[in-house]
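Please keep the sequence and the model in view while reading.

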Amino acid sequence: MTPITEVEGRSLALSNLDKVLYAATGTTKGEVLHYYARTAAPLLAHLAGRPVSFLRYPDGPDGQRFFTKNPPPGTPGWVEVAEVPRKSADSGRQVVVTGLAALMWAANLVVEFHTHQWRTEAPGHADRLLLDLDPGAPATVVECCAVARWLRGRLGADGLEAYAKTSGAKGLHVLVPLVRTPSETVSAYARTLAVEAEQAMPELVVHRMGRALRPGKVFVDFSQNAAAKTTAAPYTLRARPEPTVSTPVTWDEIAGCGDSGDAGRLVFRLGDIAARLERYGDLLGGLLDPERARPLPVFAS
């Protein structure tokens, strides 16, 4: 029998709580739901006002995966849904996770949460820049740390404050709070940074996606700033062999990982996050503070 739980006055059917989703650690679906409930405050703050895409993996990361931007079948009527511009049509519909009940409903589907860099009230006008640092084997997150530190300095030279989180997979995300800026302008600026990083560190960085270019280098993916793209949200679990989390990190932690050469220093699992929040709070809280948002510099795109 599926247990019914009341959350914020909504009755939720939470299913298969004993199912093992991450075989490597024995992590169950119930533990996944507990993680999302315990991490709800900062996660909801970063999901607020942003249409979400879901990567569903109901039988664990080794099972079938479904990536969807559309509301999943059976989405309750009380879950907020926004009209979102799409290239292939006039608009589409995506879920906006607005509270704990909606978060737990979505988590019960077993999902990664992915968001745009803009909010529903201003589609296609980004309030943050994101650079996705993706290492090509044998490079690891250690090499990403060197690139992230260079990008932090370069962004700082333009008066922009950089934050960082792990992707929860192999690499790092570097983020910057912005005053609202057309996504195409942010994408063009992000591309100039990726090109400059490659020019500064040609042995380490590549700004083009071609697989043949990437072994041993860090791909600085600027395309995540396109209006149609979504990226793993802060604090989302990832569909990896272990229940790793896209985790905000300090610049000291990035320096320590890079200097030590130990990639494991930037791997965080669902059991690590509560203690980090107690110690640091939300390390990406500055992204949510409009006083920290800055305009992009004038540049030749």
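Predicted model: local features only at pLDDT ≥ 70, side-chain atom pairs only at ≥ 80, totals over all residues.

Is threonine 115 buried or exposed? Threonine 115 has a relative accessible area of 0% and is therefore buried, the cut-off being under 20%. Its side chain makes a polar contact with the side chain of arginine 128, at 2.8 Å. When neighbours within four places in sequence are set aside, the residues in contact with threonine 115 are Leu47, Arg50, Pro51, Val52, Arg128, Lys229, Thr230, Thr231 and Ala233.

Strand 10 gives the most, with three residues. The volume of this pocket is about 500 Å³. Its lining comprises 23 residues, and those nearest the centre are Asp132, Asp134, Asp221, Gln224 and Arg238. Sorted by class, the lining holds nine charged, seven polar and seven nonpolar residues. Domain 1 (4-115) and domain 2 (125-292) each provide at least three residues of this lining.

The second largest pocket has a volume of about 190 Å³. It is lined by 16 residues, with Val141, Ala169, Lys170, Gly171 and Val267 closest to its centre. In this lining, nine residues are nonpolar, six are polar and one is charged.

Definitions and conventions. Residues numbered from 1 in each chain as written. Heavy atoms only, no water. Buried < 20%, exposed > 50% of the residue type's maximum accessible area, 1.4 Å probe, protein only. Polar contact = N/O pair within 3.5 Å; in protein donor to acceptor, adjacent residues only side chain to side chain. Contact = heavy atoms within 4.5 Å. 1 Å grid on protein atoms, 1.4 Å probe; cavity = no way out; pocket = protein on both sides within 12 Å on 5 of 7 lines; lining within 4 Å. Points joined across faces, edges and corners; volume = space filled by probe spheres on them. Helix = DSSP H or I, 4+ residues; strand = E, 2+ residues; numbered from the N terminus. Nonpolar A, V, L, I, M, F, W, Y, C, P; charged D, E, K, R; others polar. Domains from an automatic or database assignment.
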